[in-house]
Amino acid sequence: MSRFEQISEHIHIMHAEHKTDRPILAHIRGSRKSLLMDAGNSPQHAAQFQEYLQEQGLPKPDYLVLTHWHWDHTFGLPAWDVPVMAQRITAQTLRSLADLEWSDAVLRRLSDEGVISDRTISDMKGEYGDIADMRVIVPDLLFADGLDIDLGGVTCSVEHVGGDHAEDSCFLYVKEDKTLFLGDALGPSVYGGPFSYTPAHFLRLISKAYSYGADIYVESHGVPTKRQAFHDDIGRWEQFARIVERFGEDPDAVARGMCDYLQTESLPDEFQSAMDYFMAGLRRKPDGIVK
């Protein structure tokens, strides 16, 4: 069952759904214009949000901005007949996919090349049924570092931040609502090898997220979180990344350091899983290949 919510004065969202990897979609309304954050993973996903917007008497978005190129954020673009803003790498990657004739063979080739994953294939088939129906739209308004969008009394600032998850990852900050959309930027890399985190990238992104002074933080596959709760949770991961930086490829030393910090006798499962991601990140060469 899809869930919708008004999370601040100017922002309505469609919550994430994990069955077929649907991320959060957001509608941001100013006095003159409206903006949509991310397109959804299919026209069907987009249509459910469109129906909600109509029920709420909210205007059709005038613009759409993408947080990064991954399919779950972009393959819903055919349902939105609006100008699309995106980071240059986002457009470049989508352009490379736009002329593909989607089939099982194409999906297998893309997985073998590390462009997508086997999990992506499963989610695509679950969302679409017939993958031949998938269609890729290339954004038409491109930026390099970021841009500000004045919606009329509401300012949206988009900033390219990069990171392990996707090199084109962007943050979107709604100034008047003090709400920061993080996209998937804080997530590990998910394509081209084992999941991995680079401690330096992760710590830089956390510092950048803190710098906005937001009251509400929104990760695309999570739930909106108020400042203190976000800081409390992310602070543990920040400490974990710093311990990894200190001890490097010594998981036993990392585990002891984190147990000391948490004052526990054994490392919680969530950090044990993340240990593998960080160790893979430390082994990753500059070209992205794991040693």
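As for handedness, α8 passes α9 in a right-handed crossing. Want to see what touches what? On the α8 side, look for P251, V254, A255, M258 and L262, and on the α9 side for F271, M275 and M279. Sort the residues of this contact by class and you get 8 nonpolar, no polar and no charged.

One stretch calls for care: over residues 287-291, pLDDT stays under 50, and the model has 8 contacts beyond four places in sequence for them. Where pLDDT is low, the predicted coordinates should not be read in detail.

Now zoom out for a moment. The protein chain holds 9 helices and 13 strands. Its C-alpha trace spans about 55 × 45 × 35 Å along the principal axes. How does the radius of gyration of the protein chain fit with that of a compact globule? For 291 residues, a compact globule would come out near 19 Å, and the protein chain has 19 Å, so the two agree.

Back to the helices, this time α6 (residues 199-211) and α7 (residues 227-247). These two pack at an angle of about 150 degrees, and their axes are 9 Å apart. Because angles over 145 degrees count as roughly antiparallel, α6 is roughly antiparallel to α7. The crossing of α6 past α7 is left-handed. From α6, the residues in the contact are P199, A200, F202, L203, I206 and Y210; they meet F230, H231, I234, G235, W237, E238, A241, R242, V244 and E245 of α7. By class, that contact has 11 nonpolar, 2 polar and 3 charged residues.

The last stop is helix α4 (residues 104-112) with helix α5 (residues 118-128). Here the packing angle is about 150 degrees and the axes lie 9 Å apart, which means α4 is roughly antiparallel to α5. Which way does α4 pass α5, left-handed or right-handed? The crossing is right-handed. D104, L107, R108 and S111 of α4 make the contact with D118, I121, M124 and K125 of α5. This time the classes come to 3 nonpolar, 1 polar and 4 charged residues.

How values were computed. Residues are numbered from 1 along each chain as its sequence is written. This is a predicted model: local features need pLDDT of at least 70, side-chain atom pairs count only at pLDDT 80 or more; totals for chains, interfaces and linings use all residues. Side-chain values use heavy atoms; hydrogens and water are left out. pLDDT is the predictor's confidence in each residue, from 0 to 100. Contact means heavy atoms within 4.5 Å. Axes are lines fitted to C-alpha atoms, for helices over the stretch in contact, and angles run from 0 to 180 degrees between N-to-C directions. Helices (H or I, at least four residues) and strands (E, at least two) are DSSP runs, numbered from the N terminus. Angles under 35 degrees count as roughly parallel, over 145 as roughly antiparallel, 65 to 115 as roughly perpendicular and the rest as oblique. A crossing is left-handed if the near helix is turned anticlockwise from the far one by less than a right angle, and right-handed if clockwise. Ala, Val, Leu, Ile, Met, Phe, Trp, Tyr, Cys and Pro count as nonpolar, Asp, Glu, Lys and Arg as charged, and the others, Gly among them, as polar. The radius of gyration is taken over C-alpha atoms; the globule rule is 2.2 Å times the number of residues to the power 0.38.
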